[in-house]
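Open the model in your viewer and keep the selection tool ready. This tour goes stop by stop.

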Amino acid sequence: MSTTNVQTKWAQFIPLVSVFFFWGFVAASNDILIPVFKKAFDLSQGQSQLVSVAFYVAYTVGAILYMLISKMMKVDIVQRLGYKNSLSLGLLISALGTLLFYPAANSGSFTLMLSGLFIVGLGFSLQQTVANPLAIVLGPITTGSQRLTLAGGINNFGTTIGPLIVTLAIFGTKPAADHVIDIATVKVPYLILGLAFALVAILLKFSSLPNKIEEQEEEENHSSVKDVRSSALKYPQLVLGMLAIFLYVGVEVSTASNMPAYLESGLGMSISDVAPYVSLYWASLMIGRWTGAVEALGLSEASQKIMKLIMPYIAFGVFLLASYLAGKELQSFYVYALVILVLIVADFASKGNPANMLLIFSGLGILALATGMATSGMVSVYAFTSVGLFCSTLWPCIFTLAISGLGKHTTQGSNFLIMMIMGGGIVSWIQGFVADFTSPHFSYIVGIVCFAYLAFYAYAVKDILTKQGISFDKKVSGGH
């Protein structure tokens, strides 16, 4: 791509962001499959979390396979196949995964279900590798992060409506409290999703998306010291950051994936009633990320401050509208507008500094989980749900801090960080087993441990980067 591009190529960008929607839709829908599979296959809470393990570990396996195949071929496979072709291939791999839901549902096989989700995740791993750099180059390099922020907003829209749509497909509009789960109902929404994967793969294959992109020379921002080491793993900010990404994705996913078990055991809700609260959790990430995306609008400083007050409630309105269209009662959600004020205050307090933001939001995450564990009823539900607000900006904070100063090892460092997405499955699995031995309510102690490390990383990385001559006073936005 030439740096002479003066505007975003919207005709190419709009079809590209459809894959970001799919990532969010499937990831959040897994939180509905977990209680459905738990009841249908008579699983423990720990066993039911194998849904998260199968899906998120696939990202790491896919990344390792990508590296091994490239090494054997002695050429980057994406460069060999082309970006557009690789994106279509990733979608077709995910489509093959959804086909396994048909025999799995007919035979009542939990193993086949997990295999289908694993293959869907493998396809997503390749899509992630391709789609993020494509989003950056479809316009001026100076607005690349803004396009990723916008794509992240589409991802969050998928996480918000996914649980509602899958619940509607499985249970119908007015399910009875004692609804008997027919596992065969799962295959229809996922076969439709697979058809959508295939259609978008064809659309992208014949679209004007570029198949090749030129490498961009990035400036060594924030650094006043030339610090060249032999490997990315020689930089402590990356090594500590890899564990931070692992635990961040872990607490983000496990908080939601274990929520249905708490809503059932703690509040006596049926499986079909938990979807709006799972949706609100993922909508909370959308609320936080849309708030963080205000800087991408190119507004004056005064206008940005006003929009930071308005944007979170626009995102909240999207959740309310989606819930209304899904036939859900809205009255119980209105009080959440007060919780959103905490996010707004914290966002202003961080002043956009990634280390400060990570420290403040991790502290609020600990407070939210501790409040949820110390209370009951709807207070605890909204406390646990608010974790989504405080996770919303952590991905770009950690990612930015972890790869800072890596220079020529930046790409290698980024690949190591992407592999750590498997934390979403492993931490969910650990929390599930803690729930089995204690209770779903107490199991959120696992999330507190995760946030505690993130707070430590925010504190420690400042000193590490300062010693390398790197300082930050930069606003960040976006998210995984």
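## A buried cysteine

Select Cys397: at 0% relative accessibility, Cys397 counts as buried. Buried means under 20% relative accessible area, exposed over 50%, and partly exposed in between (1.4 Å probe, protein chains only). The model is predicted, so local features need pLDDT of at least 70 and side-chain atom pairs count only at pLDDT 80 or more, while totals for chains, interfaces and linings use all residues. Residues are numbered from 1 along each chain as its sequence is written, and side-chain values use heavy atoms, with hydrogens and water left out.

Cys450 counts as buried, at 3% relative accessibility. Which cysteine sulfur is closest to the sulfur of Cys450? That of Cys391, 9.3 Å away, which is too far for a bond. A disulfide is a pair of cysteine sulfur atoms within 2.5 Å. The count of disulfides by this rule is zero.

## The whole chain

Zoom out and switch to a cartoon view. The protein chain has 22 helices and zero strands. Both are DSSP runs numbered from the N terminus: helices are H or I with at least four residues, strands are E with at least two. Of the 480 residues, 56% count as buried. Now consider contacts, meaning heavy atoms within 4.5 Å. Among those between residues at least 6 apart in sequence, 83% join residues at least 24 apart.

## The core

Select Val36, Phe37 and Val186. In the largest nonpolar core, of 151 residues, these three touch the most other members. Helix 2 (residues 18-40) gives the most to this core, with 14 residues. Domain 1 (11-211) and domain 2 (231-470) both contribute residues, so the core lies between them. The domain bounds come from an automatic or database domain assignment. A nonpolar core is a set of buried Ala, Val, Leu, Ile, Met, Phe, Trp, Tyr and Cys residues joined through side-chain atoms within 4.5 Å.

Stay on Val36 and show its neighbours. Leaving out residues up to four places away in sequence, Val36 touches Ile170, Phe171, Ile181, Ile183, Val186 and Ile271.

## Aromatic rings

Rings of Phe, Tyr and Trp (its six-membered ring) pair if their centres lie within 6.5 Å; planes under 30 degrees apart count as stacked, over 60 as edge-to-face and the rest as tilted. How many aromatic pairs does this rule give? It gives 27. Take Phe316 and Phe319: their ring centres are 6.2 Å apart and their planes at 15 degrees, so the pair is stacked. Phe316 and Phe319 sit three residues apart in helix 14 (residues 301-325), about one helical turn. Both Phe316 and Phe319 are buried.

Then select Phe21, Phe22, Phe25, Phe55, Tyr56, Tyr59, Phe124, Phe157 and Phe197. Ring pairs link these residues into a cluster.

## Salt bridges

A salt bridge is a side-chain nitrogen of Lys or Arg within 4 Å of a carboxyl oxygen of Asp or Glu. The whole structure holds three.

- Glu252 and Arg289: the closest N and O atoms are 3.4 Å apart. Glu252 lies in helix 11 (residues 236-257) and Arg289 in helix 13 (residues 275-292), so the bridge ties together parts that are 37 residues apart in sequence. Glu252 and Arg289 are both buried.
- Lys308 and Asp347: these side chains meet at 2.6 Å, N to O. Lys308 belongs to helix 14 and Asp347 to helix 15 (residues 336-350), so this pair ties together parts that are 39 residues apart in sequence. Lys308 and Asp347 are buried.
- Lys467 and Asp463: the closest N and O atoms are 3.4 Å apart. Both residues lie in helix 22 (residues 445-467), four residues apart, about one turn of the helix. Lys467 counts as exposed at 68% relative accessibility, whereas Asp463 is partly exposed at 42%.

## Two loops and a helix

Most residues other than glycine have a negative phi. Select Asp42, where phi is positive, near 55 degrees. Asp42 is in the loop between helix 2 and helix 3 (45-48). Its relative accessible area is 70%, so Asp42 is exposed.

Move on to Lys74, with a positive phi of about 60 degrees. Lys74 lies in the loop between helix 4 (50-73) and helix 5 (77-81). Lys74 is exposed, at 77% relative accessible area.

Finish at Ile14, in helix 1 (residues 10-16). Ile14 is exposed, with a relative accessible area of 54%.
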